[in-house]
Amino acid sequence: MKTPSSPHFTPVDLKRYFNAERANAGEGFAARPGDTGWIDSLRGLQTHRGMPFLFGSEIGPDVLELRPGAPPAVIALPPTMASYVLFVQVAADRPSASPEGFGEIGRLRCL
């Protein structure tokens, strides 16, 4: 069952601010064995818990990537009355190699 989008939310089109392609993201964002591929279906208009989100398309840049040392991303929106502003954010997995001095990180065990 697909939840319909609520009329109380409006997605903001950020395509003009996209500067990278998700498929070319670094190691921390790469698909791994066992992934179900759900993230690949996040294209175009999607609804999550009744809230609409507008994701990038399969052609050209489809994400806004924040890079260390790069200028900050500045998104200019027209003045709008809003009760909430929601963002979808992805953070990279931990690096495959731990920094020097850190112990090994193993699988979580539930007792």
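Guide: The conversation below goes through the strands, the aromatic rings, the charged pairs and the surface of this predicted model.

Visitor: What secondary structure does the protein chain contain?
Guide: The protein chain has 0 helices and 2 strands. Strand S1 covers residues 45–48, and strand S2 covers residues 51–54.

Visitor: How do you know that S1 and S2 are paired?
Guide: Pairing requires at least two bridges between the strands. S1 and S2 are joined by 4 bridges, so they count as paired, and they run antiparallel. Across this pairing, histidine 48 stands opposite methionine 51 in S2.

Visitor: What lies between the strands of the hairpin, and which residue there takes a positive phi?
Guide: The hairpin of S1 and S2 has 2 residues between the strands, and arginine 49 takes a positive phi near 50°.

Visitor: Why are phenylalanine 53 and phenylalanine 55 called an aromatic pair, and what makes the pair tilted?
Guide: A search of the whole structure finds 1 aromatic pair. In that pair, phenylalanine 53 and phenylalanine 55 lie 6.4 Å centre to centre, with 40° between the planes.

Visitor: Why is phenylalanine 53 called buried?
Guide: Its relative accessibility is 16%. Buried means under 20%, so phenylalanine 53 counts as buried. In the protein chain of 111 residues, 12% count as buried.

Visitor: What makes arginine 43 and aspartate 62 a salt bridge?
Guide: Side chains of opposite charge can pair when their charged atoms come close. The closest N and O atoms of arginine 43 and aspartate 62 are 2.4 Å apart. The limit is 4 Å, so this pair is a salt bridge.

Visitor: Where in the chain do arginine 43 and aspartate 62 lie, and are they buried or partly exposed?
Guide: Arginine 43 belongs to the segment before S1 and aspartate 62 to the segment after S2, 19 residues apart, so the pair links distant parts of the chain. Aspartate 62 is buried because its relative accessibility of 8% is under 20%. Arginine 43, at 22%, falls between 20% and 50% and is therefore partly exposed.

Visitor: How many salt bridges are found in the whole structure?
Guide: The search finds 3 salt bridges. One of them joins aspartate 13 to lysine 15, with the closest N and O atoms 3.7 Å apart. Because 3.7 Å is within 4 Å, that pair also qualifies. Aspartate 13 has 41% relative accessibility and counts as partly exposed, as does lysine 15 with 47%. Glutamate 65 and arginine 67 form another salt bridge, with their closest N and O atoms 2.9 Å apart.

Visitor: Which residues form the nonpolar patch on the surface?
Guide: The patch consists of Val12, Leu64, Leu66, Ile75 and Leu77, which together have about 430 Å² of accessible area.

Definitions and conventions
Residues are numbered from 1 along each chain as its sequence is written. This is a predicted model: local features need pLDDT of at least 70, side-chain atom pairs count only at pLDDT 80 or more; totals for chains, interfaces and linings use all residues. Side-chain values use heavy atoms; hydrogens and water are left out. Rings of Phe, Tyr and Trp (its six-membered ring) pair if their centres lie within 6.5 Å; planes under 30 degrees apart count as stacked, over 60 as edge-to-face and the rest as tilted. Buried means under 20% relative accessible area, exposed over 50%, partly exposed in between (1.4 Å probe, protein chains only). Patches are made of residues with over 30% relative accessible area and no salt bridge: like charges are joined within 9 Å, nonpolar side chains (Val, Leu, Ile, Met, Phe, Trp, Tyr) within 5 Å. Accessible areas come from the Shrake-Rupley method with a 1.4 Å probe; for residues, only the protein chains shown count as cover. A salt bridge is a side-chain nitrogen of Lys or Arg within 4 Å of a carboxyl oxygen of Asp or Glu.
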